[in-house]
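Biologist: I'm new to this one. Could you walk me through how one of its helices sits among its neighbours?

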Amino acid sequence: MIRPYPSPQHRPFAIGSSRNRALLIHGFPGTPWELRSLAKLLAEQGYEAHCPLLPGFGPQIDSLGDRSWQDWEESVHSAFGRVRSGAAKLLVVGYSMGAALAVRLAAHEEVDELVLINPFSGLSLPVKMLLPVLAPLVPSYRPFRSANFEDPWTREVVGRVLPDLDVDDLTSQERLRNEVRLPVRAITQVQRLGSAAWRAAPRVRARTLVFQGVQDKVVSATRTRRFAGRLGARAQLREAPGGHVLIWPGKPGHGELVRELGSFLSDGVLQRSG
């Protein structure tokens with residue numbers, strides 16, 4: 001049986017030392033490693049960056065089907081409480097599903113600045129309507145069932161999740177296709193979280209940057225434009241050519257993300273000093 005996420009790179013981390021604090025929230029079905037390069041960038045900008053591991057993810061993936069979106073939200077609130085202690089300024093960064101959690105957090109807590117990257121706010125209507133029917137009939141799905149193991153991004157994911165697996169070995173590829181499964185119930189929870197974030201968005205008062213990859217096939221740019229509109233006048237939407245994984249260095253859109261993030265943080269400093 002394949003046992004994923006053995007590496008310590010998937011554990012929670014903190015980078016930097018400052019009274020300016022940043023809480024980073026990973027996506028689905030990710031772990032803190034996907035935000036580590038962004039955290040290093042924030043540390044260079046003068047932040048102490050913290051990224052927790054949400055319940056049911058990483059080494060806990062076998063328990064994902066037993067988790068609810070409220071479990072993830074409670075974990076984020078607990079992490080925020082720890083990060084907030086002694087902080088001079090609070091920045092929250094959410095990626096994909098993590099952005100939905102970030103919006104929920106900012107709707108209930110005092111957050112100075114909010115960054116939402118390819119923010120998930122709900123599935124398309126046909127998929128959303130099918131989920132209640134599919135969940136009892138199809139308890140799990142295989143994310144690697146149709147994977148192209150020549151694709152660099154797929155190889156990167158497999159290399160980080162299963163570093164001891166030979167991705168070029170045909171037997172290993174077959175095991176990945178058949179043994180790696182994610183519970184459909186977890187997708188239902190992600191959808192419920194997205195809907196909750198959609199409803200909470202008008203209550204957010206933090207200065208907000210929304211960054212969207214135009215070619216994202218997981219979170220559509222059209223949906224994000226509508227979501228950004230619900231966040232109000234303090235939210236600014238920026239788009240760039242790129243897909244869902246533009247948070248990774250070298251991916252299309254990553255350079256634009258870095259530039260927009262730097263500009264957003266610099267503008268915040270100017271506004272506070274002005």
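Biologist: At what angle do α2 and α3 pack?

Modeller: Keep in mind that this is a predicted model. The axes of these two helices, α2 and α3, lie 10 Å apart. The angle between them is about 60 degrees.

Biologist: Which residues of α3 make the contact with α2?

Modeller: On the α2 side you'll find W69, W72, E73, V76, H77 and F80. By class, the whole contact has seven nonpolar, two polar and two charged residues. The α3 side supplies M97, L101, R104, L105 and H108.

Biologist: And α7: what is the handedness of its crossing with α3?

Modeller: Here the axes of α3 and α7 come within 9 Å and cross at roughly 40 degrees. That makes this pair oblique too. For α2 and α3 the crossing is right-handed, but for α3 and α7 it is left-handed.

Biologist: How many charged residues are in the contact of α3 with α7?

Modeller: From α3 come M97, A100, L101, V103, R104 and A107, and they meet V190, L193, A196, A197 and A200 of α7. The classes are 10 nonpolar, no polar and one charged.

Notes. Residues are numbered from 1 along each chain as its sequence is written. This is a predicted model: local features need pLDDT of at least 70, side-chain atom pairs count only at pLDDT 80 or more; totals for chains, interfaces and linings use all residues. Side-chain values use heavy atoms; hydrogens and water are left out. Axes are lines fitted to C-alpha atoms, for helices over the stretch in contact, and angles run from 0 to 180 degrees between N-to-C directions. Helices (H or I, at least four residues) and strands (E, at least two) are DSSP runs, numbered from the N terminus. A crossing is left-handed if the near helix is turned anticlockwise from the far one by less than a right angle, and right-handed if clockwise. Contact means heavy atoms within 4.5 Å. Ala, Val, Leu, Ile, Met, Phe, Trp, Tyr, Cys and Pro count as nonpolar, Asp, Glu, Lys and Arg as charged, and the others, Gly among them, as polar. Angles under 35 degrees count as roughly parallel, over 145 as roughly antiparallel, 65 to 115 as roughly perpendicular and the rest as oblique.
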